[in-house]
Amino acid sequence: MRRFGIVLLGCLMNVIAVAQEIKVTSGFVKDSVAIGEPVSYFLTARYPESVMALFPDSTYKFAPFEFSRKEFFPTKTTHGISYDSAVYTLSTFEIDPTQYL
């Protein structure tokens with residue numbers, strides 16, 4: 001079975017909003033995937049408690065990947081800093097050797 005590499009632009013993104021730091025981290029759990037094979041993609045956010053974070057759901061366009069499911073973990077807040085995370089299960093049927101999300 002031929003495997004394809006996955007490249008993610010913006011694996012780590014730092015955003016400064018209203019003088020408060022918001023840190024978003026994301027990436028694939030594996031560096032390659034076979035056609036049609038499920039692959040996990042994680043997304044985390046650390047932000048001030050006063051900010052509202054919204055994560056993509058099943059209506060988001062994950063192209064060229066196809067959405068299978070999302071596992072969301074409850075928000076944890078400590079000392080005014082909230083932390084959210086989710087794991088998306090995606091698959092691809094494209095044959096391009098490098099694909100971007």
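## A chat about strand β7 and its partners

Visitor: Hi! Which residue of β7 is the bridge partner of F72?
Guide: Welcome! The bridge partner of F72 in β7 is A86. Bear in mind that this is a predicted model.

Visitor: Okay, A86 then. Is A86 buried or exposed?
Guide: A86 counts as buried because its relative accessibility is 1%, and buried means under 20%.

Visitor: What is A86 in contact with, leaving aside its neighbours within four places in sequence?
Guide: Its contacts are Y41, F42, L43, F55, K70, E71, F72 and F73. For E71 there is a distance too: the C-alpha atoms of A86 and E71 are separated by 5.5 Å, though the two residues are 15 apart along the chain.

Visitor: Switching topic: how many bridges join β5 to β7?
Guide: There are 10 bridges joining β5 to β7, and these strands run antiparallel. One example is A45, whose bridge partner in β7 is D84.

Visitor: Where is T44 found?
Guide: T44 is found in strand β5, which spans residues 39–48.

Visitor: Why does T44 count as buried?
Guide: T44 counts as buried because its relative accessibility is 14%, and the cut-off for buried is under 20%.

Visitor: Which residues is T44 in contact with, leaving aside its neighbours within four places in sequence?
Guide: T44 is in contact with K23, V24, T25, F55, Y83, D84 and S85. F55 is also among the contacts of A86.

Key. Residues numbered from 1 in each chain as written. Predicted model: local features only at pLDDT ≥ 70, side-chain atom pairs only at ≥ 80, totals over all residues. Heavy atoms only, no water. Helix = DSSP H or I, 4+ residues; strand = E, 2+ residues; numbered from the N terminus. Buried < 20%, exposed > 50% of the residue type's maximum accessible area, 1.4 Å probe, protein only. Contact = heavy atoms within 4.5 Å. Pairing = 2+ DSSP bridges.
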